[in-house]
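Hi everyone, thanks for coming.

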Amino acid sequence: MNYHKLWHNLLPTIMFFLTLTIFSMCTTNVQAVVDFSNVAPSNDNVLKAAPNGIKIGNLFEYPTVYSGSKNINNSVQILKAGGSNPNPVDVIQMTGNEDNAVGSIWGRMTNPDDSTESYNYFDLTKEQTITGWIYVGPTFNVSGDGIALVLQNDDRGINAIGRYYKKAGLLSFIDPEKNYAASGESLGVYGGTSSPATVSNSTEFAGNAIQNSFALEFDSFNNSSSSAGLKDGVEQFNDKKTDDLFDALYDSHLTRETKGQHVAWAYPGDPDTYVRKMALTYYFFGMHHNNVIFNATIGGYDSLTGATGKDAWHHFTFTYKPDKDDSNYGYINYVYNDRETDGTVKPYHTWDKRPRDIDDPIKIDLRKFNLKDGQTKIRWGFTSSTGSPNSLPGYNDIVLEKIPAIADVADTSGLYDVTQKRAIKDLDRRDTNPTDSDSDYTVDDGDKLAFNYNLKYNSGAIGTGDITAELQLPQHVLYQNDSNNRIGEITYPDDPNSVTYISASQLTTSKNADGDEVQTLNLDLGALSKKSTEVNIKIYGTANAPISNTLTSTTVNPEHTSYKSDYYNADVMSYGFKITNQKLQIAASKDSETQKVKSSDGFKLEGTASYLFSSKFSGDDLSAYGEIFDANGETTNIKSTWTVPVAKDATTGDYSLDVPQGTLDPGDYKIKVYLTDSQGLVSNTVTYNITVTDSELVITPDKTDITVNDNKPVTLSGSYKYSDDSQFKDEDATKTYEITNPDGTVHKITKTVTHDKKIDITLKPIAYDKPVTQTLDDYLKSPAEDNVLTEGKNTVKITVQDGKYASASTTITVNVPKLTPQITAKSNYLTVLGSSGNVYFPINFTYGSDYALNYHDLTGVFTVDDQTPINLKLPIPTEAQTSSFDMSFNLSGDQLKLPTDKNTSVVSVYFTDPYGRKTNTETFNLKILAKALELDFNNYRFKTIDPKSFKPGYISRSGNWDLNVTSYKAGWVLSAKADNLDYASTDEQSDLSMAFVNKDDLAIPSCNC
């Protein structure tokens, strides 16, 4: 830095007279630089491209003037977003494009609306993170001088500034005291001097700095022109009046502490920070830099070719953690230029960060702040300056994303493999020379995954304001919705009942930093504050590697998530990971898959393991995991693990997993088993069905194969007991009858009864209990519980359960013949006496086999003309029939509901039996007579006489004659007459004639009576 040009205001005449004594204090500031600002983006373009940031509001304060021997204006300006300003977000402009500018801005320690309330401070007892963006420009490596992030406990408060100070000389009117804000290499925070001869030692030099402070500098101009390098291991200097040595010190290894533009930290008020060097004639002050990031791009651009406004901004993250064991210390780390301007985080291994190893944190001494007893909060802010020799003035701008005291929010992301039940590490942060396993970063193709994003509000004076989030989701993952169309959820731990489900319909697409289209979610998360301190986002997906016929590992790159709100802005990346299409496959052996064992015996779960693509095993042991579930599918909380050795280079491996005796009580179990290899591959899961008994329960059916030959119910009988005749363990038996019909329909009948050792159940034909008036089709939709048998092979599985202790099953087959019953009309033309008269249906019936038809087996379905069919049970046959028989029957016209206004009618009829069989249909044409008279007779004989003993006289009738007169709407008179009668024995005609004998025994020959 050149402070000497401040002396150009001395009187010219005095300068000449005092040349020998004062010459060493003066210099001519020659700026031999080339200004490239005309080819860089304009300041307006840079401001237009400002990245996302928070509102500045009243969070900061700063003096307008630094008082001293001459007043220096504070160059800071707050450029509010919008209005006449081109910037879309609030920008802190530390310096404008002026030479020898200096500026500072500090967090407002107390709330302007309530002076008793702390506000924008830095708390040394808590973890603190400050993130933001800086712009130093416009010219690369020339625009000066940079920006410092400062923590300070200086008594001067917001008026603290690095100063140039010189005591007055003996002739104070000629050589007055100099005391004013220092610019140039001081960055507004370090000590300054116009000439080494004016400061006698490092203590005095450090006294010009901001006291009780820590500074993280983003130094855009390397102040080293006073150094002439090394000669024989000894530092050499350009023995000139300009003191420009801040960045030119060598370490103990004779290596420059800084190179080019750099990021480093120091204690500005500590004398040990500075070193006074002496050349032949002049003194110079150098500054020690700690944990330097070398050759950083701070001022300007990496290249002017095609540079745009957004290329001017560079991101920084500063993190502090207190020492939990010693309150005198804390730990810091910082990262520079780790983001693209859109917020996308660059790959981890490209970051400029200190410490390089996260496990070796940078320790800082909090005693440097000279805290008062009980003091934990200090002031923080930024300083900046221009004016170093050979530099150009430029802009120093800041956009803030996250400041701790206003809204201290921790943001994290993670990846969980739901299938493998383990967390996956971030591939982006894997060591370049890894010692861990690939499997820590790898999921299997098809694994269910959960991507986790978490925001946790630790503290803050204001809170975040409403947060919007844009999540670009990792590629090679299927984000499939569940049955409710959900792909994720947002939860708030402070309100466990508050869940916002994320719908698949919310998915859109956007382009990531590489120009790839990725699936994207835009979410409203609400505000985080003391009332609502945390939000969790879970996105569910399935790993979906590209299709390949060879073993392939697919790398999935991290994708960007941005959070935006008034007082909190942040960017995180999803985890990078790999997807392997390798699969570990297992299959249970058939003999082992279903077992019945005694509780006193152990048993084995056996199977075979192999890799997809017939890959070879490494020789490392496999691990097997088993979990036992009861018969209802509920876990028993019994879990086991086994080690499975597999030979190296084998393509298959057999496993045999021992389950010791006594592990399980009697009952039915399902044991689910999967295997993993040393690389974390998880196999499919196989299920073993295990029945455990004390002694075996045995069912003995009387018959195992039954063929029915009639339509009667079928009784299944048998017995059950323990094989060793031991007593039952439970009071009741549960008997389950599962009937499977030939078409696959399953009926289940369960009965719980006191143990009787019997199998005794009657199963009925499928339509056995069909009400007469209900149609067959309607009844078969929901038959009675025990109406279960149909034509064909019916398989009945009988299971007896002795409580939870044992069970046994057996199978009985019931074969029902498939028959086609047939009816045949002997006449299809019938006469009926009026609509109420009897209708005689002359029909033969046959099953076409010796299958028996019993009383009431048949239901007739009669359709008269176009009327609704009528179902009628017929009292036929009166005896079982096993062959074709005459089933003719009478029905009254009223039963058939014959029409009363017609003289003809058509009646069709078919029959169904209890198995739902149907006959063919016969149709009858009925003639309905309007009037009719009919005489029916059977017996009309006379008594038999013995001629030898017969006395002459009348021969009486042989009992009452069986005569029946049927009339329909017709009057009638019954009379009888006869010619000479015949002898019954010889059929010869007699001379006898019939006479009527009245009640008075008077005979009337050949009467009409």
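Let's begin with histidine 476, which is partly exposed, with a relative accessible area of 32%. Keep in mind that we are looking at a predicted model. If you want to find histidine 476, go to the loop between strand S33 (466–472) and strand S34 (477–478). What is phi of histidine 476? Phi is near 60 degrees there, a positive value in a residue other than glycine. As background, most residues other than glycine have a negative phi, and most peptide bonds are trans.

Now for another positive phi. Asparagine 637 is not a glycine, yet its phi is positive, at about 65 degrees. Where is asparagine 637 placed? This one is in a strand, namely S48, residues 635–644. And is asparagine 637 buried or exposed? It counts as exposed because its relative accessibility is 64%, and the cut-off for exposed is over 50%.

On to the peptide bonds. The bond from glycine 137 to proline 138 is cis, and its omega is near 20 degrees. You'll see proline 138 in the loop that runs between strand S10 (128–137) and strand S11 (143–144).

Proline 877 sits in the loop between strand S66 (870–873) and strand S67 (885–886).

That's my tour, and I'm happy to take questions.

How values were computed: Residues are numbered from 1 along each chain as its sequence is written. This is a predicted model: local features need pLDDT of at least 70, side-chain atom pairs count only at pLDDT 80 or more; totals for chains, interfaces and linings use all residues. Side-chain values use heavy atoms; hydrogens and water are left out. Helices (H or I, at least four residues) and strands (E, at least two) are DSSP runs, numbered from the N terminus. Buried means under 20% relative accessible area, exposed over 50%, partly exposed in between (1.4 Å probe, protein chains only).
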